[in-house]
Amino acid sequence: MAETGERILVVDDEEGIRRFVRANLAARGYEVDLARDGEAALEAAALRPPDLVLLDLMLPGLDGLEVLRRLREWSEVPVVVLSARGEDEMKVRALDGGADDYLTKPFSMDELLARVRVSLRHGRRLAGATPSPLVSVGDLTIDLARQRVTRDAEEIHLTPTELALVLCLARHADRVVTHGSLLRHVWGRGYGQETQYLHVYIGNLRRKLGDDPARPRLIVTEPGTGYRLLSTPRPAANI
């Protein structure tokens, strides 16, 4: 059963998908609002602010990317994109545009529900967050005041660049951070295409964190898109 009052806005122009997703979400205790186009989505988000938006990209009128851009002008509500367009370029555009996650159609309801739970947890953390020098994800802790990183209470010595990388990933735990976002965050606005930097530094970071670069379980690669730091490492059996 969902947290009381958690509202999800489902935006899709296909009535069958809207009904299917609403039925499954409602059965688990979520309150669900529906919108079939971009204008209706923005109006619904303003009148009845949701805790999460499930957003299709191929909408009549305003497309999903434009809805996302306008929404991000005034709201930090978590957004999970649901789209039949699975090409890497579209995923990157959506994630760089402010989406929190991206799920390609057709998808299983179990996977969608898992993404919903993760995004809602992230939204609750943001809503109740107060400034803190500590960033914790699973057994990983980053002490910003002391510039120290520990895992299972054991200190890990990182370079400033590695620290900036793991901090960016940790602040978006369980969500995809695109190559471009990482490059701009760590190296600056002039960077965005130099993915070879990331391959080298992510490999070093994995080794120092005890994550096998050949079979990563903690920092996982989203092919053609970016990286995701998992709050719960994948079990070895799934590799």
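**Strands, cores and ring pairs**

Colleague: Over how many bridges do strand 1 (residues 7-11) and strand 2 pair?

Modeller: Strand 1 and strand 2 pair in the parallel sense. This is a predicted model. Within the pairing, Val11 stands opposite Ala35 in strand 2. The count for the two strands is 5 bridges.

Colleague: Which strands are at the edges of the open sheet?

Modeller: The open sheet has 5 strands with parallel pairing, in the order 2-1-3-4-5. From one strand to the next, the twist averages 20°. An edge strand pairs on one side only, and that holds for strand 2 (31-35) and strand 5 (101-104).

Colleague: What angle does the direction of helix 2 make with that of strand 1?

Modeller: Helix 2 covers residues 38-47 and packs on the sheet. The strands touched by helix 2 are strand 1 and strand 2. With the direction of strand 1, the direction of helix 2 makes an angle of about 170°.

Colleague: At what angle does helix 4 run to strand 5?

Modeller: Helix 4 is made of residues 88-96. This helix lies across strand 4 (79-83) and strand 5. Its angle to strand 5 is about 150°.

Colleague: Which residue in the hairpin of strand 8 and strand 9 takes a positive phi?

Modeller: Strand 8 (residues 148-151) is joined by 4 bridges to strand 7 (residues 140-143), and the two run antiparallel; there, Asp143 stands opposite Arg148. Strand 8 also pairs with strand 9 (residues 154-156), in the antiparallel sense over 3 bridges, with Ile156 as the bridge partner of Val149. The hairpin of strand 8 and strand 9 has 2 residues between the strands. The positive phi, near 55°, belongs to Asp152.

Colleague: Which element gives the most to the largest nonpolar core?

Modeller: The largest nonpolar core has 26 residues, and those with the most contacts inside it include Ile142, Val166 and Leu229. At least two residues each come from strand 6 (134-137), strand 7, helix 6 (160-171), helix 7, helix 8 and strand 12 (226-229). With 7 residues, the element that gives the most is helix 6.

Colleague: How many residues are in the other core, the one with Leu9 and Val176?

Modeller: In soluble globular proteins, nonpolar side chains tend to be buried together. Leu182 is one of the residues with the most contacts inside the largest core, and those it touches include Leu165, Leu169, Trp187 and Tyr227. Apart from that core lies another, with Leu57 and Leu65 also among its members. The count for this other core is 25 residues.

Colleague: Why is the pair of Trp187 and Tyr197 not called stacked or edge-to-face, and what is it called?

Modeller: The structure holds 2 aromatic pairs. In this one, the ring centres of Trp187 and Tyr197 are 5.5 Å apart and the planes are at 50°. Stacked needs planes under 30 degrees apart and edge-to-face over 60, so the pair of Trp187 and Tyr197 is tilted.

Colleague: What kind of pair do Trp187 and Tyr201 form?

Modeller: Trp187 is in helix 7 and Tyr201 in helix 8, 14 residues apart. Ring pairs link Trp187, Tyr197 and Tyr201 into a cluster. The centres of the Trp187 and Tyr201 rings are 5.4 Å apart and the planes are at 65°, so the pair is edge-to-face.

Colleague: Is Trp187 buried or partly exposed?

Modeller: Buried means under 20% relative accessible area. Trp187 has 21%, and Tyr201, at 26%, counts as partly exposed. By that cut-off, Trp187 is partly exposed.

Terms used: Residues are numbered from 1 along each chain as its sequence is written. This is a predicted model: local features need pLDDT of at least 70, side-chain atom pairs count only at pLDDT 80 or more; totals for chains, interfaces and linings use all residues. Side-chain values use heavy atoms; hydrogens and water are left out. Rings of Phe, Tyr and Trp (its six-membered ring) pair if their centres lie within 6.5 Å; planes under 30 degrees apart count as stacked, over 60 as edge-to-face and the rest as tilted. Buried means under 20% relative accessible area, exposed over 50%, partly exposed in between (1.4 Å probe, protein chains only). Two strands pair if DSSP finds at least two bridges between them. Axes are lines fitted to C-alpha atoms, for helices over the stretch in contact, and angles run from 0 to 180 degrees between N-to-C directions. Contact means heavy atoms within 4.5 Å. A nonpolar core is a set of buried Ala, Val, Leu, Ile, Met, Phe, Trp, Tyr and Cys residues joined through side-chain atoms within 4.5 Å. Lists of a residue's contacts leave out its neighbours within four places in sequence.
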